[in-house]
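Me: Please take a close look at one part of this model for me. I would like a connected account of the nonpolar core and what surrounds it.

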Amino acid sequence: MTLSARLWERVRQRAAFACEYCGITETDAGGLLTVDHFQPQVRGGADDPTNLLYCCHRCNLYKADYWPTQPTDPNLWNPREETVETHLLPLTNGTLYPITPTGTFTLRRLRLNRPALTAHRLFRQSRAEERRLLERYREVVNLLEQLNRQQAALLEEHRALLEEQRTVLRLLLQTGE
Ligand SMILES: [Zn+2]
């Protein structure tokens with residue numbers, strides 16, 4: 001059974017055009033991603049928006065038809081129910097560190113520390129750092145402009161005072177004559 005184009009598009013837009021497991025966008029991938037049944041159809045998963053995820057080809061390939069059938073089978077992280085931080089801690093070297101059994105299993109199953117993804121996270125981190133620095137630079141420039149304006153106002157005030165002083169002095173001299 002194939003999904004209706006409308007449902008497919010709804011899942012795609014809901015995910016903001018990015019893989020809900022690894023964060024790769026259509027722009028990164030250079031094309032459309034896929035729609036994944038979190039509970040696979042062969043395991044009884046429905047074509048329901050709550051069971052559908054936008055997913056890159058890699059993650060879909062590695063996830064395949066996994067579904068826990070035994071009580072001891074580990075659970076896969078469901079991005080529609082929990083944020084990634086619930087199970088995986090992003091490190092500054094671009095890798096993810098599992099903090100729950102679900103995180104450990106998902107990381108291994110979907111290979112979320114695959115080199116291309118790690119490099120991609122590092123790239124995003126450096127872009128975020130650049131943006132932060134640029135923002136700070138703008139703040140400093142704004143502060144300097146503000147200081148310049150204040151300084152100009154003070155100079156103007158100073159000049160007016162000098163003028164006033166001269167006037168008073170002239171009056172005093174004239175009175176003294
Ligand atoms: Zn992915």
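Reply: What follows starts with the whole chain, moves to the core, and then turns to the loops and the last helix.

This is a predicted model. The protein chain has 5 helices and 4 strands. Along the sequence they run α-α-β-β-α-β-β-α-α. The C-alpha atoms fill a box of roughly 110 × 35 × 30 Å along the principal axes. The radius of gyration is 31 Å, whereas a compact globule of 177 residues would have a value near 16 Å. Of the 177 residues, 17% count as buried.

Now the core. The largest nonpolar core has 19 residues. Those with the most contacts inside it are Cys19, Tyr21, Cys22, Tyr54, Cys55, Cys56 and Cys59. Strand 2, residues 52–55, gives the most to this core, with 4 residues.

Strand 2 has two faces. Leu52 and Tyr54 point one way, and Leu53 and Cys55 point the other way. All four of these residues are buried. Strand 2 also has a partner: strand 1, residues 34–37, pairs with it in the antiparallel sense over 4 bridges. One of the links is between His37 and its bridge partner in strand 2, Leu52.

Beyond its neighbours within four places in sequence, Cys19 is in contact with Ile24, Leu33, Tyr54, Cys55, Cys56 and Cys59. Tyr54 and Cys55 are in that list, and both belong to the buried set on strand 2.

Ala18 sits in the loop between helix 1 and helix 2. Is Ala18 buried or partly exposed? Ala18 is partly exposed, because 19 other C-beta atoms lie within 10 Å, and a residue needs 20 or more to count as buried. Ala18 touches Gly23, Ile24 and Thr25, with residues up to four places away left out. Ala18 and Tyr54 are 36 residues apart in sequence, yet their C-alpha atoms are 6.9 Å apart.

Phe17 lies in the loop between helix 1 (5–14) and helix 2 (26–29). Its backbone stands out: phi is positive, about 65°, although Phe17 is not a glycine. Most residues other than glycine have a negative phi. Phe17 is partly exposed, with 15 other C-beta atoms within 10 Å.

Arg111 also has a positive phi, about 50°, and is not a glycine. Arg111 is in the loop between helix 4 (101–109) and helix 5. With 15 other C-beta atoms within 10 Å, Arg111 is partly exposed.

Ala64 gives a further loop position. Ala64 is found between helix 3 (57–63) and strand 3 (88–90). Ala64 counts as exposed because it has 10 C-beta neighbours inside 10 Å, and the limit for exposed is 12 or fewer. Ala64 and Asp36 are 28 residues apart in sequence, but 9.1 Å apart in space, C-alpha to C-alpha.

Last comes helix 5, residues 115–176. Helix 5 has 62 residues and reaches 91 Å from its first C-alpha to its last. That is close to the 92 Å expected at 1.5 Å a residue. Helix 5 is hardly covered: 2 of its 62 residues are buried.

Terms used. Residues numbered from 1 in each chain as written. Predicted model: local features only at pLDDT ≥ 70, side-chain atom pairs only at ≥ 80, totals over all residues. Expected span 1.5 Å × (residues − 1). Core = buried A, V, L, I, M, F, W, Y, C linked by C-beta atoms within 7 Å. Contact = placed C-beta atoms within 7 Å. Pairing = 2+ DSSP bridges. Rg over C-alpha atoms; globule rule 2.2 N^0.38 Å.
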